[in-house]
Amino acid sequence: MRIKHISHHQKERVETLQVKFRGGIGPWPLSRTQSSWGTFPSAFCVVYTGDLNASSTEIVGKAKKTFGISLPREIKVVFLKRRNWVNAARYPFFTLLGQSLGSVFLGMEALLLYPPDIFLDTMGYAFTLPMFKYIAGCRTGCYVHYPTISTDMLTVVEGQTDAFNNRPIIARSRVLTFLKLMYYRMFACIYGMFGRSAEAVMVNSSWTYDHIKSLWRKDVIQKVYPPCNIHGFLNIPVKRAISEKYQNIILSIGQFRPEKNHALQIQSFHDFLLHVMENNKSDYTLVLVGGCRNEDDKRRVNELKKLAADLKVANQVVFKTNVSYEELKELLSQAHVGIHTMANEHFGIGVVEFQAASVIALAHNSGGPKMDIIQEDDGTGFLANDVDSYSKELHHIFSLPAAERDKIVQKAKLSCKRFSEEHFEETFLTSISHLFGESAKNR
């Protein structure tokens, strides 16, 4: 995104301060646009995106429909044609390095199309930062949602663990494990070196902070919780609305990506039902809500449907893809439990939405949900890490007396206000204000 700013002493010369937020049209770039306009009213915002199949009006309209974000004035959208350079499918081997180098070519396209004075990366393309800083002479900053590589990834490989980022053939071989560790460590070193080019570094959670601090070794890193659009959810009553189709809804919110581990949700639901009396089993429904971006995501949904069928719970597992904001609100008003199963989730905005909507959150005992969102000691939700613990916590939650359930829900509602858009705007603007210079700050 690029922001044009005209200060008082610049009006005659009509010089511009241009800030680009690098990212697709979603809640993050648009929220930053809203924030910048509030403090810098003469700012002109431009978003770079690779979504070529829609107009700027359609894209912004979809963001409003999906995320409930309304912009006070028009933004400019610049379309990049080389997004395939950062497509993971393009790099079956050395994917991290391939995507990172590809981001440099994508950044070059953006720079040639619309060169900014301030560059703010919101997509995690740290390899672009030196180019914008040292070649284009831009002030640089970034908002890191998830580190491109983390010490957790190194631990998975070192422990020869079969995971989504560590193929079985590598996990079973000591030689291949050694080689991959060397590759990861080399990449981590380069990633940290390039990341240090940022003059303003913001991260979205304590988990991300720890990893970026370790890898980038920057003195100042600001923890800026992401803007959770919870106002529309806070007015959802504590008492659950009656669904015409489902009973005792366990709701999942998250894109259908492998790291979200939806399979664990279905397996845990199956185990939970094994311990429910036969005549009560049909009283429970697992509803999986998520975005389907491409054919890979659709294939993944079909695989999950097959898993549900194999476990004989297909009649009680419902899939809803690419739902509207209003439909999401309706489901949140009906759900009793919100389930989250991604290990080392960088933040966990879906968990915050559960809390705001009076849904008891059951999240993975790691990452952002553990470190920032759910405070078990204060009774704002529950944590688990495997089929057995998820199943036991589901039983516990559904057995809670109404008064105790309401107490947990009310505490969670108060707690999640820490992640409001207002708090985000304040911390975000404080973190980047020095990039605008004194003339911008004094507007």
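## Around Thr148

Leaving aside neighbours within four places in sequence, Thr148 is in contact with Leu96, Ser100, Gly124, Met153, Phe187 and Tyr191. Contact here means heavy atoms within 4.5 Å. Thr148 lies in the loop between β6 and α5. Helices (H or I, at least four residues) and strands (E, at least two) are DSSP runs, numbered from the N terminus. Thr148 and Ile212 are 64 residues apart in sequence, yet their C-alpha atoms are 9.7 Å apart in space.

## Model and overall make-up

This is a predicted model, in which local features need pLDDT of at least 70 and side-chain atom pairs count only at pLDDT 80 or more, while totals for chains, interfaces and linings use all residues. Residues are numbered from 1 along each chain as its sequence is written, and side-chain values use heavy atoms, with hydrogens and water left out.

The protein has 17 helices and 14 strands. It has 443 residues, and 53% of them count as buried. Buried means under 20% relative accessible area, exposed means over 50%, and partly exposed lies in between (1.4 Å probe, protein chains only). Take the contacts in the protein with a separation of 6 or more: residues 24 or more positions apart account for 71% of them.

## The six-stranded sheet

An open sheet of 6 strands runs in the order β11-β10-β9-β12-β13-β14, with parallel pairing. Two strands pair if DSSP finds at least two bridges between them. β11 (317–321) and β14 (382–384) stand at the edges. Each has a single partner strand, so one side of each is left without a neighbour in the sheet. From one strand to the next, the twist averages 25°. Axes are lines fitted to C-alpha atoms, for helices over the stretch in contact, and angles run from 0 to 180 degrees between N-to-C directions.

Strand β9 (residues 249–253) is joined to β10 by 5 bridges, and the two run parallel. Ser252 has Leu288 of β10 as its bridge partner. Strand β12 (residues 337–339) and strand β13 (residues 360–364) also run parallel, joined by 3 bridges. Gly338 has Ala361 of β13 as its bridge partner.

Strand β10 (residues 285–290) has 6 of its 6 residues buried, so it is largely enclosed by the rest of the structure. Both of its faces are covered. Thr285, Val287 and Val289 are buried on one side, and Leu286, Leu288 and Gly290 on the other.

## Two partners of helix α7

Two packed helices are described by the angle between their axes and the distance between the axes. The axes of helix α5 (residues 151–158) and helix α7 (residues 174–195) come within 9 Å and cross at roughly 165°. That makes α5 roughly antiparallel to α7. Angles under 35 degrees count as roughly parallel, over 145 as roughly antiparallel, 65 to 115 as roughly perpendicular and the rest as oblique. The crossing of α5 past α7 is left-handed, meaning that the near helix is turned anticlockwise from the far one by less than a right angle. α5 contributes Met153, Leu154, Val157 and Glu158 to the contact, and α7 contributes Thr177, Lys180, Leu181, Tyr184 and Arg185. These residues divide into 5 nonpolar, 1 polar and 3 charged. Ala, Val, Leu, Ile, Met, Phe, Trp, Tyr, Cys and Pro count as nonpolar, Asp, Glu, Lys and Arg as charged, and the others, Gly among them, as polar.

Helix α3 (residues 95–113) packs with α7 at an angle of about 30°, with the axes 10 Å apart. That makes α3 roughly parallel to α7. Thr95, Leu96, Leu97 and Ser100 in α3 meet Tyr183, Tyr184 and Phe187 in α7. The contact of α3 with α7 has 5 nonpolar, 2 polar and no charged residues.

Helix α8 (residues 206–216) has Ser206, Trp207, Thr208, His211, Ile212, Leu215 and Trp216 as its buried residues. They pack against β6 (139–144), α5, α7, β7 (200–203), β8 (222–223) and α14 (367–373).

Arg217 is exposed, with a relative accessible area of 59%.

## Another positive phi

Asn322 is not a glycine, but has a positive phi of about 50°. Asn322 is found in the loop between β11 and α12 (325–334).
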